[in-house]
Amino acid sequence: MDRRSFLRSAALGAVAMASPVSFSAFGQPTRHRGRNGVLNLSFRPYELQLKHAFNLARSSRKTTPDVQVQIEYDGIIGYGEASMPPYLGESVDSVSAFLSRLDMTQFSDPFRIEEIHEYLDSVAPDNRAAKASVDIALHDLIGKIMGQPWYKIWGLSPEKTPYTSFTIGIDKPEVVRMKVDEAKPYKVLKVKMGLDNDKELVEIIRSQTDVPICVDANQGWTDKEKALEMCHWLSERNCLFVEQPMDKSMIDETAWLRERSPLPIIADEFLQRLPDVRRAAGAYDGINIKLMKSTGLHEAYKMAVLAKALGMKVMLGCMTETSCGISAAAQLSPMADWADLDGNLLISNDLFDGVKIVDGKIALSPDRPGIGAIPLV
Ligand code: MG
């Protein structure tokens with residue numbers, strides 16, 4: 001969908017408070033009144049435009065497919081989204097197919113989150129981003145009904161939000177220099193690694209700034225001895241931790257590395273949902289929770305609680321997302337040791353005004369109920 005047709009759809013969505021509008025899978029608005037007293041779900045595809053090509057150890061791209069979701073209940077609208085970086089296996093088609101199968105009108109009480117998640121899991125396995133889009137919209141709706149942001153509903157302290165890191169992707173030296181310059185307001189940089197020039201990349205960054213870095217190898221390191229050597233090398237260069245150093249299947253090698261590494265080892269690709277947290281204990285020091293993997297906030301909160309109970313570190317991450325998904329994740333950020341919530345800053349066509357970063361730190365607003373994101377149009 002191009003921007004003009006999206007704006008047309010969004011403008012129709014804006015009047016949904018008075019007269020709910022639902023969207024077919026490919027953005028053609030179908031006007032009808034949502035039923036009162038039940039949950040009315042609508043969705044439309046959207047393509048996120050990246051400011052820079054996103055180069056990882058195993059892929060490169062300039063856009064991310066996305067689906068925007070609304071749940072309307074008695075004239076109040078909750079917003080959600082599914083972001084689908086290709087390596088996760090979901091697409092606009094698969095998310096639209098999943099959402100089309102849902103009958104949310106069977107629910108007359110939006111507060112029954114547990115029951116609604118059981119229903120989502122009963123419809124089809126996997127489809128985590130699709131389920132997250134419903135979960136985020138539901139949380140937004142509930143928060144708006146209560147008139148409170150979710151960090152307050154969970155009882156979290158807004159002053160405990162962490163700094164968020166800003167991602168420096170794998171790129172040519174001159175582009176890396178430009179990105180480091182762009183990242184000046186941030187107090188932590190996240191460096192994507194996993195190619196042959198890893199050390200060169202860090203040296204370039206270190207020639208420009210002393211701020212702490214965290215490293216994400218995205219499963220790119222293939223040898224545990226070399227991974228250990230890198231961990232020692234990075235620990236001497238103000239690195240906070242290393243994320244997913246080796247392939248997610250290399251559990252024994254990762255446990256070996258963790259025993260010897262001077263830096264904490266964090267699981268990302270290794271884990272998706274709640275049962276994976278216990279599996280990660282022993283091989284990893286901490287977990288990277290992302291709403292698009294965890295099926296949304298409900299399970300993300302449980303994962304954070306379990307990880308802490310197991311003595312593990314909690315990191316909060318994201319995909320490239322609009323400020324809708326990022327603001328939702330930010331509500332949980334006082335529980336995180338580290339946050340990497342920059343996905344909205346990496347796109348040029350955000351749809352929401354959401355959580356702010358002040359002096360590199362996540363700033364939650366007490367005046368914005370729900371997930372704290374307001375549509376721009
Ligand atoms: Mg990662």
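Q: Phe270 and Tyr284, buried or exposed?
A: In this predicted model, both Phe270 and Tyr284 are buried.

Q: And how are the planes of Phe166 and Tyr186 arranged, stacked or tilted?
A: The ring centres of Phe166 and Tyr186 lie 4.9 Å apart with 20 degrees between the planes, so this pair counts as stacked. Phe166 sits in strand β6 and Tyr186 in the loop between α6 and β7, 20 residues apart, so that distant parts of the chain are linked.

Q: What about the geometry of Phe270 and Tyr284?
A: Phe270 and Tyr284 make a tilted aromatic pair, with 5.0 Å from centre to centre and 40 degrees between the planes. Phe270 belongs to the loop between β10 and α10, whereas Tyr284 belongs to the loop between α10 and β11.

Q: Switching to the metal, which protein donors does the magnesium ion have?
A: The donors from the protein are Asp216 (OD), Glu243 (OE) and Asp268 (OD), at 2.1 to 2.2 Å from the magnesium ion.

Q: Where do Glu243 and Asp268 lie?
A: Glu243 is in strand β9 and Asp268 in the loop between β10 and α10, so the two tie together parts that are 25 residues apart in sequence. Glu243 counts as buried at 0% relative accessibility, and Asp268 is buried with a relative accessible area of 2%.

Q: Now the helices: at what angle do α7 and α8 cross?
A: Their axes cross at roughly 5 degrees and come within 12 Å, which makes α7 roughly parallel to α8.

Q: Which residues meet there?
A: Asp198, Lys199, Val202 and Glu203 in α7 meet Glu229, Met230, Trp233 and Leu234 in α8, a contact that divides into four nonpolar, no polar and four charged residues.

Key:
Residues are numbered from 1 along each chain as its sequence is written. This is a predicted model: local features need pLDDT of at least 70, side-chain atom pairs count only at pLDDT 80 or more; totals for chains, interfaces and linings use all residues. Side-chain values use heavy atoms; hydrogens and water are left out. Axes are lines fitted to C-alpha atoms, for helices over the stretch in contact, and angles run from 0 to 180 degrees between N-to-C directions. Helices (H or I, at least four residues) and strands (E, at least two) are DSSP runs, numbered from the N terminus. Angles under 35 degrees count as roughly parallel, over 145 as roughly antiparallel, 65 to 115 as roughly perpendicular and the rest as oblique. Contact means heavy atoms within 4.5 Å. Ala, Val, Leu, Ile, Met, Phe, Trp, Tyr, Cys and Pro count as nonpolar, Asp, Glu, Lys and Arg as charged, and the others, Gly among them, as polar. Donors are N, O and S atoms within 2.8 Å of the metal (3.2 Å for Na, K and Ca); water is not among the atoms, so sites may look incomplete. Buried means under 20% relative accessible area, exposed over 50%, partly exposed in between (1.4 Å probe, protein chains only). Rings of Phe, Tyr and Trp (its six-membered ring) pair if their centres lie within 6.5 Å; planes under 30 degrees apart count as stacked, over 60 as edge-to-face and the rest as tilted.
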